[in-house]
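Notebook open, viewer loaded. I'll jot down what I look up as I go.

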Amino acid sequence: RAVELWTEAAELGSLGAHHQLGIAYYTGEGVKQDKTRGIRHWQVAAMKGHVFSRNNLGMVEFENGNCELAVRHWMISAKLGYEKS
């Protein structure tokens with residue numbers, strides 16, 4: 001049920017909902033795992049300034065061995081105020 005509500009909220013422009021959907025799809029929590037779909041939700045939110053989504057994109061790039069791109073994501077997230085980046 002949470003995924004349904006997040007989907008509705010994301011369609012209305014909620015960045016937090018995109019972030020939560022990203023987590024759900026990337027990890028497979030409550031839905032069939034679809035990492036690509038999860039990343040797309042994070043990208044939508046990150047492009048509009050959602051720092052946690054931007055940070056998660058950095059983690060994905062780091063896990064994939066793209067350290068340079070990971071650092072870019074983390075720098076943007078940090079500049080937007082997320083100290084853990």
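Predicted model: local features only at pLDDT ≥ 70, side-chain atom pairs only at ≥ 80, totals over all residues.

What percentage of the 85 residues in the protein is made up of buried residues? I get 36%, where buried means under 20% relative accessible area, exposed over 50% and partly exposed in between, with a 1.4 Å probe and protein chains only.

Housekeeping first. Residues are numbered from 1 along each chain as its sequence is written, and side-chain values use heavy atoms, with hydrogens and water left out.

**Overall build**

I find five helices and zero strands, and the pattern along the sequence reads α-α-α-α-α. Helices here are DSSP runs of H or I with at least four residues, strands are E runs of at least two, and numbering starts from the N terminus. The C-alpha trace spans about 35 × 25 × 15 Å along its principal axes. I checked the radius of gyration too: the protein has 12 Å, which agrees with the value near 12 Å for a compact globule with 85 residues. That radius is taken over C-alpha atoms, and the globule rule is 2.2 Å times the number of residues to the power 0.38. Of the contacts between residues at least 6 apart in sequence, 26% join residues at least 24 apart; contact means heavy atoms within 4.5 Å.

**H2 against H4**

I looked at H2 (residues 15-27) and H4 (residues 51-63), which pack at about 30° with axes 10 Å apart. That angle makes H2 roughly parallel to H4. My cut-offs: under 35 degrees is roughly parallel, over 145 roughly antiparallel, 65 to 115 roughly perpendicular and the rest oblique. Axes are lines fitted to C-alpha atoms, for helices over the stretch in contact, and angles run from 0 to 180 degrees between N-to-C directions.

H2 supplies His-19, Ile-23 and Tyr-26 to the contact, and H4 brings Phe-52, Ser-53, Asn-56, Val-60 and Glu-63. By class I count four nonpolar, three polar and one charged. Ala, Val, Leu, Ile, Met, Phe, Trp, Tyr, Cys and Pro are nonpolar, Asp, Glu, Lys and Arg charged, and the others, Gly among them, polar.

Ser-53 sits in H4 and is buried, with a relative accessible area of 0%. I see Ser-53 touching His-19, Trp-42, Ala-45 and Ala-46, not counting residues up to four places away in sequence.

**H4 against H5**

Next I took H4 with H5 (residues 67-79): their axes come within 7 Å and cross at roughly 165°. H4 is therefore roughly antiparallel to H5. The H4 residues in this contact include Leu-57, Met-59 and Phe-62, and those of H5 include Leu-69, Trp-74 and Ile-76. The contact has nine nonpolar, four polar and two charged residues.

Asn-55, also in H4, counts as buried at 12% relative accessibility. Beyond four places in sequence, Asn-55 touches Trp-74, Ser-77, Tyr-82 and Ser-85.

**A loop glycine**

Is Gly-28 buried or partly exposed? Partly exposed, at 25% relative accessible area. I find Gly-28 in the loop between H2 and H3 (35-47). Leaving aside neighbours within four places, Gly-28 is in contact with Ile-23 and Gln-33. Gly-28 and Gly-38 are ten residues apart in sequence and 9.2 Å apart, C-alpha to C-alpha.
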